[in-house]
Amino acid sequence: MQFNMNRSNPITAKRAMQMAFLVVVVVALVGAGDQSSRFNDLGHRLMCACGCNQILLECNHVGCSYSDRMRGELMAALDRGDADDLVLQSFVQKYGPTVLAAPTKSGFNRLAWIMPYVALLAGLIGVSYVVRIWRSRPLVLPADTPAPVHGAELERFRDVARKETEL
Amino acid sequence: MAQIGSFALLFALALSGYSFLAGIVALVRKDEGAERLGETARRAGVAVFAVVFLAAMVLVVAAFENDFSIAYIFHHSNRDLPGPYKFATLWSGQEGSLLFWALLLSAYGFVLRVRYRTDPRLFAYASVVIAAVQVFFLLLVNFAAHPFAVMQGSLPEDGSGLNPLLQYPEMVIHPPMLYLGYVGFTVPFAFALGALAMKYPGEKWIHITRRWTMVTWGFLTCGIFLGAHWAYAVLGWGGYWGWDAVENASLMPWLTGTAFLHSVMMQEKRGMLKTWNMWLIFATFGLSIFGTFLTRSGVVSSVHAFAQSSIGDWFVGFLALILAVCVYFYVKNRSHLRSEHKLESLVSRESSFLFNNLLLLLACFTVLWGTLFPVLSEWVQGNKVTVGPPFFNRVNIPVALLLLLLTAVGPLLAWRRTSVESIHRNFTWPAVASLVVAILLVITPSSWGAPFGMRPWQDASAFYSLMTILLSALVAFTVAMEFVRGGRVISRHTGQGLLGSMIHLAHRNTRRYGGYIVHLGVVVIMIGFAGAAFNQDKEQEMGFGDQMSIGRYTLICRSFTQDDNPNYSSEWAVMDVLKDGKQIDTLYPERRFYKASQQTSTIPRVRSTAQEDLYLVYEGQNQDTGRPIIKAHLNPLVSWIWIGVWIMIVGTIAALIPNAAPLRVAATARVEPVPAGAGD
């Protein structure tokens with residue numbers, strides 16, 4: 001494979017850009033996997049099981065009988081080298097599904113994630129439909145040559161013009 | 001005392017019932033007596049305020065006099081509770097807060113009925129709707145959640161005390177602000193329903209409704225952010241918004257109310273979106289009632305919620321009734337709501353408002369969906385799942401970014417159609433300037449502290465944070481350009497300085513330029529939110545002289561001690577704060593134990609600067625060593641949120657000021673083109 005930054009060769013330049021992108025992604029991912037960042041990430045994907053409705057790493061209840069223990073369990077799981085999914089699954093088995101801070105993306109829970117997009121799609125379709133109706137609405141034009149406008153009608157036009165162009 | 005309160009509530013119910021029934025009869029009858037009957041209904045409505053006020057004051061006096069024969073006072077107050085909190089007892093529990101709802105509603109009704117001469121017929125309709133809502137709340141406080149219920153058996157010596165989390169100065173103003181917002185949406189709802197029922201000719205009702213909505217929206221904004229500040233200053237977890245069900249309940253009507261404040265301009269200027277606006281107001285009021293239902297029914301669990309009670313059934317019935325009435329009048333009179341104009345171009349102010357509404361409603365839907373999904377999940381699967389911050393952040397942050405983009409672009413578009421040249425002319429410099437800001441944030445060294453030295457390719461939160469600041473800068477630059485260009489035009493014609501001209505300009509169209517100031521406040525808040533991507537925290541046991549480092553700060557524990565007063569005992573630490581090795585402050589994080597309620601509360605201490613907050617929490621004591629455990633949070637840009645709220649308040653007030661007289665220019669004079677938006 002030839003690495004050539006010659007601007008006259010567009011294919012090679014494109015490939016170079018792809019490689020640069022790959023390097024950036026790899027560098028980004030190298031930094032993302034260390035233990036403290038995984039602890040922070042997983043700790044923010046779990047809830048404290050004491051019933052305080054707080055994220056595990058944000059639970060600050062004085063004398064909370066759960067959060068310290070759960071943080072210890074999380075750290076121990078990371079020390080064992082467990083994968084993220086396995087760690088989360090072990091917490092679900094021990095504390096129940098409410099320990100996850102967000103619904104999973106499987107089974108019925110997938111619906112939680114899908115519905116906002118469905119709503120967006122429905123909204124876009126609705127807006128497109130409204131726009132189509134509005135754009136197809138005919139302008140009401142007088143059949144004959146327009147007569148000069150006077151008095152109240154002129155005032156009404158002035159009012160419309162003012163509304164639409166006022167500073 | 002309990003008898004006086006109980007009697008006042010019953011009397012208020014009778015008056016409201018009369019105001020409602022007599023009001024309806026007066027509107028239906030066509031004979032001469034109808035006007036006099038309507039007047040008695042109006043006066044009965046006015047009198048409701050005095051009677052509900054009396055009931056509320058009886059409860060407050062009972063709190064100050066430690067009258068523990070009233071069960072509500074026993075459960076929410078105690079002898080050593082400081083005076084301001086005794087006053088706050090009124091809204092600290094289920095029954096009192098419902099009485100407070102009724103009080104605020106009667107106050108709004110009082111103002112509306114006193115100002116009835118603006119349009120007697122429309123106000124009479126609105127008065128009937130308000131009386132109906134008032135009847136519901138007075139039924140609740142009379143028969144479902146009676147604040148004057150008396151204690152059975154021997155009288156207790158002292159009360160159970162106020163929840164420690166509520167013993168904070170902001171809690172004296174946060175609930176009233178939030179309730180003024182919630183309750184206030186009854187007024188636009190009443191006008192909208194009244195206008196629909198009577199087939200009100202023209203758009204005057206919408207002018208009246210818009211002002212009420214702005215006031216109400218302003219109160220709700222204050223209420224929401226006071227709540228966020230309370231959470232930050234009291235709950236001690238270092239954050240200000242947890243996507244809690246009760247927080248969400250306040251956000252939903254705010255989102256639909258914001259959508260209404262934008263789309264209502266389409267109706268005023270172009271006679272469009274009449275049906276949409278009607279339903280937006282209905283939805284906003286419905287969501288206010290729904291939020292109250294969520295808080296009180298026990299349907300969802302929340303740190304803020306009142307105890308679970310059967311009161312939820314009342315709210316479900318009331319919501320069903322509201323929906324039925326709205327649907328009935330809409331079906332009956334929908335022909336009155338036809339649009340008058342056509343859409344001439346997709347690149348226009350009209351379409352920007354359409355997308356603005358779509359995004360705001362989408363945000364509202366996702367909040368509602370996420371809040372109710374645990375209930376739905378329990379119903380379908382038999383087990384409740386948690387829908388917490390990871391879900392809400394992931395779904396709503398992209399929506400918020402798109403809204404920011406529209407906030408930047410929308411005001412630059414003209415009504416009817418906008419030319420490409422116009423967009424190019426108005427948009428190039430703000431776009432270039434905001435890109436420069438983003439590039440500067442990326443190339444600066446991270447040692448300067450967040451948000452400098454951003455690495456958006458490292459994680460999604462950093463990317464979103466950079467995008468937020470970039471788009472916020474774009475909005476700020478477009479707003480600034482609008483002010484400067486408009487100011488220059490005025491300056492050329494009047495000879496005033498640029499600043500004076502900009503003030504003159506804002507005064508001539510307060511709604512438009514007040515709105516811009518509100519937008520500016522929103523972007524400052526969004527920049528504050530963007531800082532959350534760089535939050536850090538650290539926890540450590542701190543003995544005498546022990547040190548802890550976080551960011552550029554070093555904390556040294558100088559001492560830890562205890563204190564005691566009749567209301568609570570406390571433990572606290574004395575922490576020297578050094579930045580880059582130089583002492584800059586001393587903070588005293590504290591933990592309190594409230595004696596009456598037997599509950600503990602943390603009092604975090606915060607050193608706040610424009611760049612970051614150093615936030616210290618006294619987590620507790622190590623039982624073995626007796627030494628305090630201190631948690632330090634470093635939260636960048638948080639103070640921007642509170643500054644942004646002040647800017648929003650200023651903008652809202654500015655938008656409510658009446659316009660100055662228009663500038664008269666001689667017909668022969670050539671007038672420079674005004675900024676592209678030209679209009680609200």
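**Chains A and B: a quick tour**

Let's start with contacts in chain A. Take those with a separation of 6 or more: 33% of them join residues 24 or more positions apart. Keep in mind that this is a predicted model.

Stay with chain A. What is its secondary structure made of? Six helices and zero strands. Along the sequence, the pattern reads α-α-α-α-α-α. How much of the chain is buried? The chain has 167 residues, and 17% of them are buried.

Now, confidence in chain A. Its mean pLDDT is 74. Residues at 70 or more make up 62% of the chain. Which element has the highest mean pLDDT, and which the lowest? Helix α4 of chain A, residues 84-95, has the highest mean among the chain's elements, at 91. Helix α1 of chain A, residues 10-32, has the lowest, at 51.

Two stretches of chain A need a flag. Over residues 1-11, pLDDT stays under 50. The model gives that stretch eight contacts beyond four places in sequence. Over residues 24-32 of chain A, pLDDT also stays under 50. There the model has six contacts beyond four places in sequence. A word on reading such stretches: where pLDDT is low, predicted coordinates should not be read in detail.

On to chain B. How is chain B divided? Domain 1 covers 1-150, and domain 2 covers 534-639. The centres of these two domains of chain B, taken over C-alpha atoms, are 45 Å apart.

Next, the cores. Nonpolar side chains tend to be buried together in soluble globular proteins. Here, the largest nonpolar core holds 219 residues. Which members touch the most others? They are B:A12, B:A55, B:A102 and B:V129. The top contributor to this core is helix α9 of chain B, residues 204-235, which supplies 17 residues. There is also a second, separate core, with 16 residues. Its members include B:L555, B:F560, B:M575 and B:Y615.

Let's zoom in on B:A55. What does B:A55 touch, leaving aside residues up to four places away in sequence? The list is B:G5, B:A8, B:L9, B:A12 and B:L99. B:A12 is on that list, and B:A12 is another of the core members that touch the most others.

Now two loop residues on either side of α9 in chain B. B:K199 sits in the loop between α8 (186-197) and α9. B:K199 is not a glycine, yet its phi is positive, about 50 degrees. Buried or exposed? B:K199 is exposed, because it has 12 other C-beta atoms within 10 Å, and the cut-off for exposed is 12 or fewer.

B:W243 lies in the loop between α9 and α10 (245-270) of chain B. B:W243 is not a glycine either, and has a positive phi of about 55 degrees. But what about burial? B:W243 counts as buried, because 20 C-beta neighbours lie inside 10 Å, and the cut-off for buried is 20 or more.

Last stop, the strands of chain B. Strand β4 (residues 568-579) pairs antiparallel with strand β6 (residues 590-594), over five bridges. In that pairing, B:W572 stands opposite B:E590. β6(B) also pairs antiparallel with strand β7 (residues 599-603) of chain B, again over five bridges. Which residue in β7(B) partners B:E590? B:I603 does. β6(B) and β7(B) make a hairpin with four residues between them. In its turn, B:Q598 has a positive phi of about 55 degrees.

Further along, β8 (residues 605-608) of chain B pairs antiparallel with β9(B), over four bridges. B:R605 stands opposite B:L616 there.

β9(B), residues 612-621, is mostly covered: eight of its 10 residues are buried. On to its pairing with strand β10 (residues 628-636) of chain B: the two run antiparallel, joined by nine bridges. B:Q621 stands opposite B:P628. This hairpin has six residues between the strands, and B:G626 takes a positive phi near 75 degrees.

That's the tour.

How values were computed: Residues are numbered from 1 along each chain as its sequence is written. Chains are lettered from A and ligands numbered from 1 in the order in which they are written. This is a predicted model: local features need pLDDT of at least 70, side-chain atom pairs count only at pLDDT 80 or more; totals for chains, interfaces and linings use all residues. A nonpolar core is a set of buried Ala, Val, Leu, Ile, Met, Phe, Trp, Tyr and Cys residues joined through C-beta atoms within 7 Å. Two residues are in contact if their C-beta atoms, placed from the backbone, lie within 7 Å. Domain bounds come from an automatic or database domain assignment. pLDDT is the predictor's confidence in each residue, from 0 to 100. Two strands pair if DSSP finds at least two bridges between them.
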